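Hi everyone, thanks for making the time. I'd like to walk you through one structure this morning, so let me put it on the screen.

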Amino acid sequence: MRVIYSEDHKFRDAKTELHGGELMKPFEGPFRAEWILAAVKEQGFKDVRAPEKYDLSVPMKLHDHGYLNFLETVWERWVAAGFTTEAIPISLPVRRSYCARPPENIDGLLGYYANSVETSITEGTYKAVIAAKDCALSAADHLNAGHHFVFSLSRPPGHHAGIDLYGGYCFLNNAAIAAQRVLDHGAKKVAILDVDFHHGNGTQDVTYERDDIFFASLHGDPMDAFPYFWGHREEVGKSRGEGFNANFPMPRNTPWSVYAEALEAALKRISEHGAEALVLSLGVDTFEKDPISFFSLKTEDYLKMGAMVAGLGIPVLVVMEGGYGVPEIGYNVANVLIGLEQ
Ligand code: OKP
Ligand code: ZN
């Protein structure tokens with residue numbers, strides 16, 4: 001298992017997250033990658049490499065070009081508008097708004113491109129976002145070169161980032177970017193399996209009308225969990241992508257025994273799709289002690305998760321998504337990697 005890691009994730013270190021009506025210290029911070037890196041090294045994954053640098057040609061196949069320009073320039077435009085704090089949108093397009101075109105004002109533009117508002121944008125954010133994208137692309141190139149397992153240990157996460165939407169701590173869809181790179185190298189069919197506690201609404205958005213990327217997500221029922229407006233079972237894909245999207249919402253306190261059945265079903269669908277490679281959007285916020293989630297997985301369950309995914313018998317590129325609050329996140333991630341290699 002090769003691990004791809006860039007120190008540049010540290011440039012995303014927001015001071016604020018709007019949570020429960022207050023600006024608090026964010027759940028998604030540099031300490032997460034540090035805990036995960038320390039644990040995977042301790043568990044024997046010592047082949048840690050920095051990513052190569054890439055341009056935006058692969059992200060441009062998935063994300064809106066105006067959105068990419070927004071990500072690159074938002075901080076300087078926010079500062080130029082006279083703001084001195086982290087950037088948070090105020091006004092969002094909602095039901096019955098006429099939002100056919102992005103506003104010119106940066107305050108309005110933030111809302112135009114946001115799918116939620118807890119994700120404050122800071123000076124260093126874009127640099128870290130680019131590094132996470134480079135980790136995903138480098139990991140894909142290692143897979144393309146014949147490695148069976150690769151881990152992109154990156155942050156910020158990506159699975160809530162849609163075609164032209166940021167939020168849920170995400171900006172670029174690292175998992176879809178990796179999947180696209182594998183397709184560009186010659187694979188005809190790939191799959192993305194999202195085991196983060198939260199529905200991968202961004203990944204669903206960028207893959208919804210495609211039949212070359214099968215997307216499956218296991219997550220807290222959106223009736224009760226962020227991102228609330230996506231992730232129901234009836235979302236099965238659209239036009240040529242119809243039948244290539246599968247959601248597995250689950251209730252509070254879901255234990256491994258129930259989770260494993262959904263995972264089995266998702267893996268069966270991925271097999272039937274004929275995927276030649278898998279991108280695993282790995283969030284370990286399904287852990288029983290996660291501070292913002294409500295499943296009941298235990299540290300040893302992640303070994304079984306990795307082993308089940310390895311049962312597909314295809315190359316697996318693991319991309320880091322969520323997992324918060326407690327140092328166990330590192331051991332939970334390491335257990336998935338150990339399970340994969342068994
Ligand atoms: C990102 B990822 C806590 C409520 C949830 C956003 C959660 C983003 C999760 N303030 N807010 O999928 O782990
Ligand atoms: Zn999550």
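Let me start with a definition: rings of Phe, Tyr and Trp, taking the six-membered ring for Trp, count as a pair if their centres lie within 6.5 Å, and a pair is called stacked if the planes are under 30 degrees apart. Please keep in mind that this is a predicted model.

By that rule we get 17 aromatic pairs. Take Tyr67 and Phe70: their ring centres are 6.3 Å apart and the planes meet at 25°, so this pair is stacked. Both residues sit in helix 3, residues 65–80, three residues apart, or about one turn of the helix. In an α-helix there are 3.6 residues a turn, so residues three or four places apart point the same way.

Now to the metal. Which residues coordinate the zinc ion, ligand 2? They are Asp196, through OD atoms, His198 through ND1, and Asp285 through OD, at 1.9 to 2.7 Å. The site is irregular, with angles of 53 to 160° among six donor atoms. Along the sequence, the spacing of the donor residues reads D-x1-H-x86-D. Asp196 lies in the loop between strand 6 and helix 7, and Asp285 in the loop between strand 9 and helix 9, 89 residues apart, so this pair links distant parts of the chain. Asp196 is buried, at 1% relative accessible area, and Asp285 is buried too, at 0%.

Last stop, helix 6, residues 174–184: nine of its eleven residues are buried, so the helix is largely enclosed by the rest of the structure. Among the buried ones are Asn174, Ile177, Gln180 and Leu183. After the helix comes Gly186, with a positive phi near 130°.

Notes. Residues numbered from 1 in each chain as written. Chains lettered and ligands numbered in written order. Predicted model: local features only at pLDDT ≥ 70, side-chain atom pairs only at ≥ 80, totals over all residues. Heavy atoms only, no water. Buried < 20%, exposed > 50% of the residue type's maximum accessible area, 1.4 Å probe, protein only. Helix = DSSP H or I, 4+ residues; strand = E, 2+ residues; numbered from the N terminus. Donors = N, O, S within 2.8 Å, 3.2 Å for Na, K, Ca; no water. Tetrahedral: all angles 85-135°; square planar, octahedral: opposite > 155°, others 65-115°. Phe/Tyr/Trp six-rings, centres within 6.5 Å; stacked < 30°, edge-to-face > 60°.
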